[in-house]
Amino acid sequence: MQSAKSMNEYHGEIQESLDNSFLRQALDKFAVAYKANRLTIFADINEKELIKEIADAKDESLDKLEDLYVQFKAEAEKRGVQVHRADTAAQANEIICKIAAENNCKRIIKSKSMTAEEIHLNHALEGEGLEVAETDLGEWIIQLRHEGPTHMVMPAIHLSKGQVADTFSDETGKKQESDISLLVKVARRELRAKFANADMGISGANFLIADTGTVGICTNEGNGRLTSTLPRVHVAVAGIDKLTPNIHDALRVIKVLPRSATAQAITTYVSWMTGSAEHSLNPDKRKIMHVVLVDNGRTAMLKDELCRSALRCVRCGACANVCPVYRLVGGHKMGYVYIGAIGLILTYFFHGRENARNLVQNCINCEACKDACSAGIDLPAIIHEIRARLVEEEGAPLSSTLLSTVLENRKLFHSLLRFGKFAQRPATGGTKFIRHLPEVFMKGQGFRALPAITAKPFRDRWAEIKRILPTEGKLRVGIFAGCAQDFIYPEQLEAAVKVLSANGCILDFPLEQSCCGLPVRMMGERKAAESTAIRNIRAFDPARFDYIVTLCASCASYMKNTYTEVLEHHNMRTEAQQYATRVRDFSSFVTDVLGLTEENFTKSGETVCYHSACHLCRGLGVVKQPRYLINAAAEYKPAPEEDVCCGFGGSYSMKFPEISGQLLDMKLTNLEATGASTLVADCPGCVMQLRGGEEKRGNKLKVEHIAELLARQLK
Amino acid sequence: MANIDKEAVDLFQQKAAPVSIKIVEVPGLDEAMAYALEVCEKKQPCELIPVAEGKFSAGDGGDARVVCVPNLSDKEYKTFADLGQPKGFTILRKGMRSYLSGIDVAFTTAGAAIADTATTIIESISEEVRLATMLAEIHVIALKKSQIKKSSYDVEDYLQKIMEKGPAYTAFISGPSRTADIERVLTIGVHGPLELHIALVEG
Ligand code: SF4
Ligand code: SF4
């Protein structure tokens with residue numbers, strides 16, 4: 001549970017995680033194993049199709065949630081279950097405490113429920129003097145340690161067997177060995193007694209079927225079955241978003257949930273409880289069963305067009321499993337009760353701004369979560385939206401306001417960039433890196449060298465370049481430079497110009513273009529995001545261009561996927577649409593549009609490894625093309641985890657240098673291990689980060705943009 | 001002759017191994033029963049778990065093995081008891097609340113099965129079924145080949161019929177009880193059975 005009061009405190013907490021070598025190792029191993037296992041377990045089904053079906057079905061359910069509630073209540077009550085609805089967490093706790101009191105329950109056993117954690121149910125029950133024992137092994141361990149979960153599915157993933165042995169030794173008053181199978185036995189023994197003596201069981205629910213009034217729970221341990229069987233009273237507590245129309249929908253959820261959660265085809269147990277089952281200890285031989293449906297902000301979220309899709313979540317935890325930030329800091333630092341990308345979002349809605357403020361900043365926008373989400377939720381987009389709201393409510397931090405003001409005025413922005421060149425001149429010592437900057441700019445930035453602003457940006461070179469370019473060709477292509485290439489790496493654009501102009505493109509570079517706007521969007525600056533988008537759309541008249549090609553994966557995916565959304569309520573919606581359709585990234589343009597093949601390049605013996613930029617492979621789905629091109633021009637050396645973020649993330653690397661630096665280090669270690677001499681990427685931002693890192697690590701790899709390699713080897 | 005989907009049966013067997021399900025093929029229910037008794041004979045005596053500080057439920061931990069057959073019909077029960085009692089086993093159909101410290105074997109018959117997840121479906125509205133299948137160290141399920149369907153959508157109608165009527169407690173079981181909560185190391189038998197055997201019955 002992340003509890004820092006200020007950003008400074010939060011950085012302190014993050015550093016603690018980064019220094020925790022057991023945690024780091026455990027999460028590293030998990031991240032790598034999870035991805036491999038996930039691939040295997042999804043191999044026999046169409047993953048994308050299933051996710052799409054889940055998303056559509058969930059949306060449909062959300063549209064008629066009230067009807068589902070009424071139907072579920074009627075059907076469940078017909079079969080002897082009492083159904084309650086709680087508007088707030090406090091109300092839910094009150095209802096459950098009352099059920100305990102009315103049935104004279106003293107000892108409670110629980111099987112896993114995130115909703116119970118959400119409403120801090122244990123706290124409420126213990127406040128009433130009730131004895132509560134968690135029975136999911138992981139939950140029990142952290143309960144004994146008075147900690148919160150660090151993962152939604154594996155709550156104790158942050159602990160070593162030694163730590164668990166110590167905890168169990170304290171609990172049992174006997175020294176316990178740190179042997180996992182023995183420790184599991186200890187739990188079997190200790191918890192059996194608790195099961196035997198409990199008078200109330202509390203579980204969560206993975207789905208609630210309206211058609212039949214069925215409550216479904218998935219567990220591997222079987223504690224859900226015991227919790228719902230042994231005690232006289234059973235209370236299932238769940239968010240109203242778990243309502244689903246029929247059995248088919250539930251079966252569909254069961255297909256995706258265990259696969260995404262732990263890469264299992266199914267959990268060992270799925271219990272479908274339709275009505276109150278037999279119970280020999282109650283006078284009428286039936287179990288006393290209650291279902292408590294918790295709203296706690298959910299119906300409000302439903303009305304929130306931009307964020308409601310977060311209610312599709314099936315709580316599989318995949319968004320944490322694939323998140324590079326989670327992998328480094330763990331759930332205590334990347335969540336409050338809910339963890340990972342969905343945690344950042346739900347904290348804001350369920351646990352308030354205060355608890356969400358720092359958390360929502362800690363996303364590098366790599367889109368790995370969006371790509372893996374069982375319910376097809378665009379998680380990073382919702383995170384940006386929440387940032388935007390926090391900015392609107394509370395005003396922006398100075399840095400973000402400054403950036404917005406500057407970006408809304410192209411001339412000012414560009415002259416500042418030019419000015420940067422003079423300001424840094426004495427500092428760079430004649431190399432392409434900034435050597436010394438005043439401490440205030442360099443805080444935490446020691447992990448990489450920062451590049452110098454070029455003496456002559458691309459826009460100043462253009463008139464000259466253009467003079468010698470062909471004016472005839474089959475395609476009219478506008479070059480979108482993006483800030484990094486225009487002002488730092490114009491040579492990358494020149495390389496692209498060489499490749500494109502030699503293959504039938506009539507090129508132009510509209511000078512009115514400016515920053516794509518992604519940085520301000522990431523900071524939640526809505527107005528600045530709109531005005532930068534409009535400026536670029538105006539700069540590229542659709543009548544004059546067949547394509548708009550950019551060498552920056554982030555600019556490309558942002559402009560292509562988000563411009564229409566940014567201008568959704570603006571009268572330039574149509575133009576935004578036209579613009580977005582024309583945008584292409586460099587690699588896929590070269591292969592798919594220009595049709596270049598290995599025939600067009602001289603294959604050299606140079607060994608080249610590849611970093612797959614987040615916004616290219618996930619943002620645009622461009623995976624094969626760059627690898628094909630590398631292999632056409634040189635010897636491609638594959639590296640492990642090519643598609644994991646390099647840690648740049650634009651302003652993220654300034655805000656969280658400690659995380660950015662770690663990601664960079666892991667990345668370069670993997671890449672250097674290939675033994676290649678050159679590293680290419682499809683994005684100037686990544687090049688900046690990777691080259692800066694290599695400069696610090698002794699330049700074992702020459703880092704460049706893929707366009708530079710291709711230009712060199714073009715026949 | 002019941003309709004057997006051979007492909008589904010093969011798939012079930014193939015998916016069972018990775019989730020620690022042991023499968024044996026037997027000609028009929030009687031042989032499935034004999035198999036369960038054989039399993040019981042070979043196993044270590046049940047390791048009883050105290051239900052309170054130093055207190056155990058029924059069963060003395062000695063050689064008297066306890067087998068529960070909670071969902072057999074009267075006739076099936078008689079067959080089972082006739083086979084098991086001569087071996088000195090206690091054969092029960094009910095009363096599982098007195099055995100919370102554990103029993104040796106639970107033997108049940110399945111209602112349906114799903115091949116692509118190696119899932120057996122057991123209707124468990126009866127408390128005895130739920131308890132026996134959780135308290136036993138080894139759970140042996142008799143499953144007819146004709147009951148195996150390929151995917152979960154193929155048992156939808158089966159489920160619909162049961163749940164429409166209700167009350168019902170329908171259990172999907174796809175292996176022995178397991179956890180990976182400590183250092184992500186897969187460990188079998190946390191709260192429930194340590195082993196799950198399926199006797200695949202012809203027909
Ligand atoms: S976008 Fe990347 S960094 Fe952000 S939450 Fe998702 S996975 Fe984590
Ligand atoms: S947001 Fe998606 S990936 Fe994350 S827990 Fe929910 S369903 Fe799973």
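How many bridges pair β19(A) with strand β20 (residues 702-705) of chain A, and in which sense, parallel or antiparallel? The pairing is parallel and spans 4 bridges. The views below come from a predicted model.

**Figure 1. Strand β19 of chain A and its partner strands.** Strand β19 covers residues 678-681 of chain A. Strand β17 (residues 607-611) of chain A runs parallel to β19(A), joined to it by 4 bridges. Within that pairing, A:Cys609 has A:Leu679 of β19(A) as its bridge partner. A:Leu679 is also paired with A:Val703 in β20(A). Side chains leave β19(A) in two directions. A:Thr678 and A:Val680 point one way, while A:Leu679 and A:Ala681 point the other. All four residues named here are buried. Helix α34 (residues 684-697) of chain A belongs to the β-α-β unit made with β19(A) and β20(A). That unit is right-handed.

**Figure 2. The open sheet of chain B.** The sheet contains 6 strands, paired in parallel, in the order β1-β12-β7-β4-β2-β3. β1 (21-26) and β3 (90-92) of chain B each have a single partner strand, so one side of each lacks a neighbour in the sheet. From one strand to the next, the twist averages 20°. Helix α1 (residues 6-16) of chain B packs on this sheet. Its contacts are with β1, β7 (136-144) and β12 (195-201) of chain B. The direction of α1(B) makes about 145° with that of β1(B).

Figure 3. Strand β2 (residues 66-68) of chain B pairs with β3(B) in the parallel sense, over 3 bridges. One of the paired positions is B:Val67, whose bridge partner in β3(B) is B:Ile91. Helix α3 (residues 74-84) of chain B lies across β2, β3 and β4 (103-109) of chain B. Helix α3(B) runs at about 170° to β3(B).

**Figure 4. The surroundings of ligand 1 in chain A.** Cysteines in the shell include A:Cys323, A:Cys363, A:Cys366 and A:Cys369. Among the other residues around ligand 1 are A:Pro324, A:Val325, A:Ala341, A:Ile364, A:Asn365, A:Glu367, A:Ala368 and A:Pro380. Helices α15 (324-329) and α17 (368-372) of chain A are the elements that give two or more residues to this shell. By class, the shell divides into 10 nonpolar, 1 polar and 1 charged residues.

Figure 5. The shell around ligand 2 holds 13 residues. The nearest are A:Cys313, A:Cys316, A:Gly317, A:Cys319 and A:Cys373. The class count is 10 nonpolar, 2 polar and 1 charged.

**Figure 6. Loop residues with positive phi in chain A.** A:Ala263 is not a glycine, yet its phi is positive, at about 60°. A:Ala263 sits in the loop between α12 (247-262) and β9 (269-274) of chain A. Its relative accessibility is 14%, so A:Ala263 counts as buried, the cut-off being under 20%. A:Lys285, also not a glycine, has a positive phi of about 60°. The loop that holds A:Lys285 lies between β9 and β10 (288-294) of chain A. A:Lys285 is partly exposed, with 47% relative accessible area.

**Figure 7. A cis peptide bond in chain B.** B:Gly166 and B:Pro167 are joined by a cis peptide bond. Omega is about -10°. B:Pro167 lies in the loop between α5 (156-165) and β9 (168-173) of chain B.

Technical notes:
Residues numbered from 1 in each chain as written. Chains lettered and ligands numbered in written order. Predicted model: local features only at pLDDT ≥ 70, side-chain atom pairs only at ≥ 80, totals over all residues. Heavy atoms only, no water. Pairing = 2+ DSSP bridges. Axes fitted to C-alpha atoms, helices over the stretch in contact; angles between N-to-C directions. Contact = heavy atoms within 4.5 Å. Near = heavy atom within 4 Å. Nonpolar A, V, L, I, M, F, W, Y, C, P; charged D, E, K, R; others polar. Buried < 20%, exposed > 50% of the residue type's maximum accessible area, 1.4 Å probe, protein only. Right-handed = clockwise from strand over helix to strand, strands pointing away.
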